[in-house]
Amino acid sequence: MDSSEEEDDFLTHEYITPQSCINAVYQSKTEKDIRRICTELLDLKDAVENLRGNMHSKYLGFLRISEEVIEVEQELIELQKHVSAQGILVQDLMSGVCQELAAWNECERDENTENGFQNSEIDDILNGKIDEPKATFLETLDMLLAEHKVEEILLILDAEEKNNPELKNLGESPSNEASPYMEAFQIRKEMLKDLLVSICEQPFVRVAELKKALSGLVKLGKISLAQPLLLKACGFYLQKKIDDFLPSCSSYTETYAATLSQFFFSTIFLAAKDSVSLFGDMPVNTNRIVQWAEYQIESFVRLVRENSPPSDCCSALRSVSICVDASLNHCSILETQGLKFSKLLMVLLRPQIEEVLDLNFRRARRSIVEMANNEDIQFPSLEPSSPTAVAASSSILFTSRRRFMLIVEEILGNLTPKFISYYGGNILNKFLQLFDKYVDILIKALPGTSDDDSLIEHKEPIAFRAETDAEQLVLLGNAFTISDEFLPGAVTRVLSPQTAKRDDGGGPSGSIALVAISAVEYKDWRRHLQHSFEKLRDYFCRQYVLTFIYSREGKARMDARMYLDGKADDLFWDSDPYLHYHSRLQQLASVAGDVLLGKEKLQKNLLSRLTETVVMWLSEEQEFWDVFEDEAIQIHPFGLQQLILDMHFVAEIAVCGGYSSRNIHQLVSVIITRAIGTFSERGLILK
């Protein structure tokens, strides 16, 4: 195409001017023409930008339409699924209609049978076998039955039976000669019975309507049918309460069992009360109530166990204690109606109670072991006789004793009066075992090793040792104060022998008598408690005496050779060992006066037992007597004299110190008698 044709084509466009045309036409134009050309160029630029904007908006519209198309496709798919579901529903409906038609045909055959009876009844009326007044009466019954007017039906039935006494016992003794009217009358009574049963079996029937229906069954003579319906309704109400409460029982770990007890026993009480008011107190009715109540109590115990917190925690002990208290209170109320369930209740609860008690006391024993390993009760590194050491030991005495009593009081605080009344003896025995464990821990803290393997079980390690006399006396003071004052005091505040006596108040014969501890049993428990402390005391005395008598090399300081020739060259002491032992006792008594301040009874008992231990060792140590009995060793009369004087010296020291005892004098007499006999056998007689 040549340039002239191009220019002709471009001239047809309003806003486009060819460059050749511009050069030809405007080359010699003035400034005004040039400005017009610039204006045209700017207009052309605006047109291009508008075209670009229109293209962008059209593109966005295209994208939006595409999204709408996708959504429409999804809706079409959902609509197709819905149509398929509706098709399946229609098919199910058609099959259901077919089944209903089959069932209707079956019922139609049954109705034809009934209609046959009704037709026969109508025939009887038409043939004059049923009088017109009686026929009217039957029609009235049918109308009232259709309207469920139970009270009116019962009234007219009662009136009709009074007018016709032969109708009253019709159902109990059927006769082959019954008239058509009697048969029709009996059928209406059966229909009324079925109506009353259906009312009683409704799950949410009101109590007033239930009682009216049950009363109607009683009037119809259906007591054996009415009472199970009453118990079934009571069980339904009870189950509904339980189902509403169980989801929240975890929030009431201590009182949930008492709440369940309230639900169960209140339901039993109301059921028994309503049964007596509706059906009377005949033995057969009472037996049904008892059997039903026993089943409910078993369900109660099972629920308590299933929802109980862990048996080794305090809340479990508190929960079962409150449960026993509340349940026994409810049982005492039921006993006023002749229903005695306390024995059954305690038999069913016993396994759980024993488990909770055992695990809680086991946890208490673990706490005592942990207390022994606690660094807070470490003895300070001070001079044994310094005032600071005595004060520190007294502080340790108070801390350890307080921690033990906190464990005891925590257990006692979770017990209720009736629970203690039934399990007081068992609880006291477990406290005795707990104190035994505490004594074993204290024995481990004493220096030395027991020769008796049964005295102490070396299972749990212990973090502290009582090395000095003051520290050992602190442990003895702990055990003595707990066994003699604190533990008996804490127990008697909760269960004193006064309240522990058996209940002789003439309670019902079928209930369990309260079997807490008697005064005799309490004294026996105190005696066992004292024996546990004496085990610690005797261990201390034996180790203390053996430490004095034997050196680290195992040689005895109190050797029989001192009585042979009066010389002590081979002994470890330069003077009489009894004087040194008396000095040791005086030092120990001085320390005990500071550490065991106010416990003079314990101080004297301890010094007396130490003296008994020394004399007992001399009496039982065979190596000591073998020296006198060995014929190869020469003995002299002055040795016997010195031995007798030493024994009298020991006895007089005890008398002067104020801690003499019958055992000391008996043991001294035994030693003197044996010494005289041994020397006499060797031909030496004391003059």
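This is a predicted model: local features need pLDDT of at least 70, side-chain atom pairs count only at pLDDT 80 or more; totals for chains, interfaces and linings use all residues.
Reader: Why are helix 7 and helix 8 called roughly antiparallel?

Author: Helix 7 (residues 207-219) and helix 8 (residues 223-245) pack at about 165 degrees, with axes 8 Å apart. Angles over 145 count as roughly antiparallel, so that's the label this pair gets. The crossing itself is left-handed.

Reader: What makes glutamate 409 and arginine 493 a salt bridge?

Author: Their closest N and O atoms are 3.9 Å apart, and the cut-off is within 4 Å, so the pair counts. Glutamate 409 sits in helix 13 (residues 387-413) and arginine 493 in helix 15 (residues 469-494), so the bridge ties together parts 84 residues apart in sequence.

Reader: And how do you know whether arginine 493 is buried or exposed?

Author: Arginine 493 has a relative accessible area of 62%. Exposed means over 50%, so arginine 493 is exposed. Glutamate 409, at 38%, counts as partly exposed.

Reader: What makes glutamate 355 and arginine 305 a salt bridge?

Author: Here the closest N and O atoms are 2.7 Å apart, and the limit is within 4 Å, so this pair is in too. Glutamate 355 is in helix 12 (residues 342-372) and arginine 305 in helix 10 (residues 283-306), so parts 50 residues apart in sequence get tied together.

Reader: Why does leucine 60 count as partly exposed?

Author: Leucine 60, in helix 3 (residues 31-126), has 42% relative accessibility. Together with Tyr59, Phe62 and Leu63, Leu60 makes a nonpolar surface patch of about 410 Å².

Note on methods
Residues are numbered from 1 along each chain as its sequence is written. Side-chain values use heavy atoms; hydrogens and water are left out. Patches are made of residues with over 30% relative accessible area and no salt bridge: like charges are joined within 9 Å, nonpolar side chains (Val, Leu, Ile, Met, Phe, Trp, Tyr) within 5 Å. Accessible areas come from the Shrake-Rupley method with a 1.4 Å probe; for residues, only the protein chains shown count as cover. A salt bridge is a side-chain nitrogen of Lys or Arg within 4 Å of a carboxyl oxygen of Asp or Glu. Helices (H or I, at least four residues) and strands (E, at least two) are DSSP runs, numbered from the N terminus. Buried means under 20% relative accessible area, exposed over 50%, partly exposed in between (1.4 Å probe, protein chains only). Axes are lines fitted to C-alpha atoms, for helices over the stretch in contact, and angles run from 0 to 180 degrees between N-to-C directions. Angles under 35 degrees count as roughly parallel, over 145 as roughly antiparallel, 65 to 115 as roughly perpendicular and the rest as oblique. A crossing is left-handed if the near helix is turned anticlockwise from the far one by less than a right angle, and right-handed if clockwise.
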